[in-house]
Structure formats: structure tokens, C-alpha cells
Amino acid sequence: MRQYPEGIYPLIKELFEDPIAFNDDIKSKLPIAELEKFIQEYMDLLKTQPALVYLGDNFKDTTIVGDIHGDLPTAQRIMTLFFEEKINSLIFLGDYVDRGEASLTVILIVLSLMLYYPERVIALKGNHEDIKVNKKYGFLSELENIYGDDAKVAIELFDILYNFISVAAITPNGSICAHGGVPRPITKIQELEELPKPYLGIMTIEDEEKQKKIFDAFYQIQWNDPRDDLTEHFEPSMRGKETYYFNEHATREFLHNSRMKRFIRAHEARRGAFESLFNGRLLHIFSTGPFYGEIQCICILQETESETIVRDLEWNEVKKA
Ligand SMILES: [Mn+2]
């Protein structure tokens, strides 16, 4: 029997015990009033976390998870490894929803793990934690399917919640963790300390130049991609306005100015499950299919003081990073 924290909501316990059954019956298990209660709990926690989180000693041995995108079996396996204490602490790099079939259950698992184990679990914001993106890629239709007339309420709840999910974290081993990549407008990660929560507050910064800089940094850390064939440090990205590709020089300068060792990110399915770029200065991890890269399995990344290991969902070592 797993031990859960005292006072855990019975419904969250059910979610932890059997997420597949929970998901199969989500319409009746999670009426809108229950969802509202959970989201309020998550918000109360998220409000205590800054946009840039400095992680404590529990994260000296930590496991980093890339995009999950509504992939429930993967979320369940990762949760099991955590409860089996193979995983000591967890950093989720965002993109919990869209594309997959069980977005709501997956984001509830991630946020509930953080809610009940805040010293050992951190969830960061991906570019899909955004209602405008959810409209296009499936989470909104999923909510409409589950909640019918109440879907508007559910959507509004997530819209508010997304405003409070931190965008970057720094591990005790000197890794910057974020969903996308190096943001062009800032020279070091510490500048994100100026990012207000809720993020809507960016729009009330009076100095227009500063407002644009802060917003663009917030946006690009979720959206930018590395490229090894650029002559310039940054070049406009195909992903759209105000998004950039960045090269090894941009990465090295950003890490040097931040006094950090490397950047760990997710965000690009086309790179496959894992890639080490720029002489190990940048690691890419993607924790659901489809795969185009060299490793044909779903992977997570364990970082300890002495080594970094790519592992599969059975906790087997796939390779050293
Ligand atoms: Mn993404």
C-alpha cells in the first residue's frame, strides 16, 4: 500500500491509484464543482512559486520529463516510478495537454503530484498551457466533450491557472530547465525574476520597452528552438512572430552570463526522445511519441551530482547523456 499525505482528497487518491479508471469515468467522477475546487488548490500553491524557481536539495537527484501531451499511460508510468521511489524528485517541462486523448487527466496528475509533494515535484509551463493553443490542438474540445454547457467555466479556470505556472527552474547541479529555449531579449536567466505573476500583469508594466522585453522573454523561453546551422546567434523561427532559433554561441553566452552549466528543454517532437546538442550544453528530452530520433522509446532524464542518464519508463538506463 502506498502512503499518501494526510488529508488528501479521496478523489485525488483515486486518481493516483488508478488513473485509467478515473479517466474512463471522468464525466461522472469530476463534475465542474470538483474541478473548480482542485484548480483553486493548485492556484493557492502556484501563487507561492515565483516565475523562476530555484530548486532545493531534493533536486540534487532529479528526473526531468519532456512533453507528455495527454499521454496517460506515460504519465501513469512516471507517477509509479515516483511512488516506487526510483524517482527522487520530478521536473516536468510542460505541454501536458493537447494532441493526446487524456489531457485533463494528465494535467491533473502532474498538478496533483506537485500539490501533495511540493518539495519534490515542480511543473513548468509549456507553450500548450495556453487556451489559444488548446483551441487548435484538442484540449478545448476534450473539455467541451466532458463538460458540455459547463465547458466555458472549465476553460476559464484553466485560462487563469496557466497564468500562475512557473516558466523556468534551476537545479542545484546548475541546469536551467524550461520548455523551449534561450530567449533573445534577456542576457541571463536571473532576469526572469522580474516576471510578475499572474503573467497578465506584464501588460500593466508602464515602461513600454521593458514590458515588451519581459513579455518576449516569457514567450520565447516557451517557444524557441535550438539550431546548429545558424550564422547569427538568433534567427526568426518558423513557429511564428516573435519566436526564434538560437545557436550554440547564444547558448554559451546565456549560460556563461547566468553562471549555469547547461540548458535542459523539450518542445520538439522532430528531435525524438533525446538529443545532446552544443557539446552537451543543451539537452533535449521529449517524453511521448511520435519519434523521429535515434532512440525509439519514451524517455526521461535523470540528473544527479555526478552523472546524467537517459532512462526508459521501466527505469532502465538507455544511455549516458
Ligand atoms: Mn511545446
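1. Let's start at a strand pair: Ile170 has Ile176 as its bridge partner in E6. Strands here are DSSP runs of at least two residues, labelled E, helices are runs of H or I of at least four, and both are numbered from the N terminus.

2. A word on the source before going on. This is a predicted model, where local features need pLDDT of at least 70 and side-chain atom pairs count only at pLDDT 80 or more, while totals for chains, interfaces and linings use all residues. Residues are numbered from 1 along each chain as its sequence is written, and side-chain values use heavy atoms, with hydrogens and water left out.

3. Back to E6. Four residues separate the strands in the hairpin of E5 and E6, and Gly174 there has a positive phi near 85°. E6 also pairs in the parallel sense with strand E10 (residues 262-265), over three bridges, and Ser175 has Arg262 as its bridge partner in E10. Both faces of E6 are covered, with Ser175 and Cys177 buried on one side and Ile176 and Ala178 buried on the other. Buried means under 20% relative accessible area, exposed over 50%, and partly exposed in between, with a 1.4 Å probe and protein chains only.

4. Now the metal. Asp95 (OD), Asn127 (OD1), His179 (NE2) and His267 (ND1) are the protein donors of the manganese ion, at 2.2 to 2.3 Å from it. Donors are N, O and S atoms within 2.8 Å of the metal (3.2 Å for Na, K and Ca), and sites may look incomplete since water is not among the atoms. Along the chain, the donors follow the spacing D-x31-N-x51-H-x87-H. Asn127 sits in the loop between strand E4 (121-123) and H7, and His179 in the loop between strand E6 (175-178) and H10, so the pair ties together parts that are 52 residues apart in sequence. Asn127 and His179 are both buried.

5. What does Gln222 touch, leaving aside its neighbours within four places in sequence? The list is Lys125, Gly126, Asn127, Val167, His179, Gly180 and His267, where contact means heavy atoms within 4.5 Å. Gln222 lies in helix H10 and is buried, with a relative accessible area of 3%. A polar atom of its side chain is 2.9 Å from the backbone oxygen of Phe218.

6. Finally, an open sheet of three strands runs in the order E7-E9-E8, with mixed pairing. Strand E7 (225-226) and strand E8 (234-236) are at the edges, each with a single partner strand, so one side of each has no neighbour in the sheet.

How values were computed:
Two strands pair if DSSP finds at least two bridges between them. A polar contact is a pair of N or O atoms within 3.5 Å; within protein, one must be able to donate a hydrogen and the other to accept it, and residues adjacent in sequence count only if both atoms are side-chain atoms.
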